[in-house]
Amino acid sequence: MKKTFPAIIAAIIITAITSCQSATQPKTQAADTTTANAATVTPAHLEEKVLTAEEQKALTPDSVIQILKDGNKRFMNNNFTSRDNPALVKDAAKGQYPMAVVLSCIDSRVPVEDVFDRGIGDIFVARVAGNFVNEDILGSMEYSCKVSGAKLIVVMGHESCGAIKATIDNVKLGNITAMLTKIKPAVVVSQDFKGDKTSKNHDFVDYVAKNNVKNTIETIKAKSPTLKEMADKGEIKIVGAYYNLNTGEVTFLE
Ligand SMILES: [Zn+2]
């Protein structure tokens, strides 16, 4: 046993060296090819820089919608953009020029940046249960668009929203009671729904949630002359969107 042990070790070492050489050879060739192309081809899937003022200025509301739609397709296909986050953090510290502001529910199943495959410096995100607006969120949107140059406001509701269900159920609990009064108008305008108008009915909850998105957009236009003027001039667009919990798809309600 003692005599054969060094022989076994030697055999392992030789095997390791041989396999290492054979594995290294193609890698070297691949590396050479990459180097040859590196000057002309930057991988589109790797981001190391945040949006610049010039890049933001060149965007239009419609081009931003398309960017978000394309990002959602990548999210659904699990084909995320690679991001050098430490480099992005460093770059973003110099300033921010985000392309959009998204108002979403707080729901943990709707990770806003992820569902659009966006990273640091790309979008402003405001979140509140039931994605409604109040003075503070309107102020945040005005800051995003008027001060920081974002081109698009997205109000994004989602399937099976607990805040919508609680509003339908008239829940009374602590500060939730007052919060739900902001969503209540969507339940009121949804009384034309044909069928069971309870939180148990998935279709009714969906109907109310979509009306809530519409109401929120109307409230933005009614209570923010600043944003309405920007929208009327075509400087920004204010659009609704709906996130499907089962598929990960965002549908734009244009
Ligand atoms: Zn929700």
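Start with the contacts that link residues at least 6 apart in sequence: in this protein, 72% of them join residues at least 24 apart. Two residues count as being in contact here if their C-beta atoms, placed from the backbone, lie within 7 Å. Before going on, note that this is a predicted model, in which local features need pLDDT of at least 70 and side-chain atom pairs count only at pLDDT 80 or more, while totals for chains, interfaces and linings use all residues. Numbering runs from 1 along each chain as its sequence is written.

Now the overall layout. The protein's secondary structure comes to 11 helices and seven strands; helices (H or I, at least four residues) and strands (E, at least two) are DSSP runs, numbered from the N terminus. Of the 254 residues, 32% count as buried. A residue is buried if 20 or more other C-beta atoms lie within 10 Å of its own, exposed if 12 or fewer, and partly exposed in between, with the C-beta atoms placed from the backbone.

Next comes the inside. The largest nonpolar core holds 54 residues, and those with the most contacts inside it are Ala100, Val101, Val102, Leu152, Ile153, Val154 and Val208. Helix α10 (residues 202–223) gives the largest share of this core, eight residues. By nonpolar core we mean a set of buried Ala, Val, Leu, Ile, Met, Phe, Trp, Tyr and Cys residues joined through C-beta atoms within 7 Å. Take Ala100: leaving aside its neighbours within four places in sequence, this residue is in contact with Val64, Leu68, Ile123, Ala150, Lys151, Leu152 and Val154.

Gly149 sits in the loop between α6 and β5, and counts as partly exposed because it has 18 other C-beta atoms within 10 Å. Once neighbours within four places in sequence are left aside, Gly149 is in contact with Gln56 and Tyr97.

Gln56 and Tyr97 turn up again around Leu51, which is in contact with Gln56, Tyr97, Pro98, Met99, Gly121 and Asp122, leaving aside neighbours within four places in sequence. Where is Leu51 found? Look in the loop between β1 (46–47) and α2 (53–58). Despite being in a loop, Leu51 is buried, because 24 other C-beta atoms lie within 10 Å. Its C-alpha atom is separated by 9.1 Å from that of Ile120, 69 residues apart along the chain.

Most residues other than glycine have a negative phi. Asn131, in the loop between β4 (123–127) and α6, has a positive phi near 35°. Ser160 also has a positive phi, about 50°, although it is not a glycine; its place is in the loop between β5 (152–158) and α7 (162–168). Are they buried or exposed? Asn131 is buried, because it has 31 other C-beta atoms within 10 Å. Ser160 is partly exposed, because it has 16.

Now for some helix packing. Two packed helices are described by the angle between their axes and the distance between the axes. Helix α6 (residues 135–147) and helix α11 (residues 225–232) have axes that come within 10 Å and cross at roughly 40°. That makes α6 oblique to α11. The axes are lines fitted to C-alpha atoms, for helices over the stretch in contact, and angles run from 0 to 180 degrees between N-to-C directions. Angles under 35 degrees count as roughly parallel, over 145 as roughly antiparallel, 65 to 115 as roughly perpendicular and the rest as oblique. Met141, Glu142, Cys145 and Lys146 of α6 make the contact with Thr226, Leu227 and Met230 of α11.

Finally, go back to helix α10, where Lys221 is found. With 14 C-beta neighbours inside 10 Å, Lys221 counts as partly exposed. Not counting residues up to four places away in sequence, Lys221 touches Lys228, Ala231 and Ile238. The C-alpha atoms of Lys221 and Ala231, 10 residues apart along the chain, are separated by 8.6 Å.
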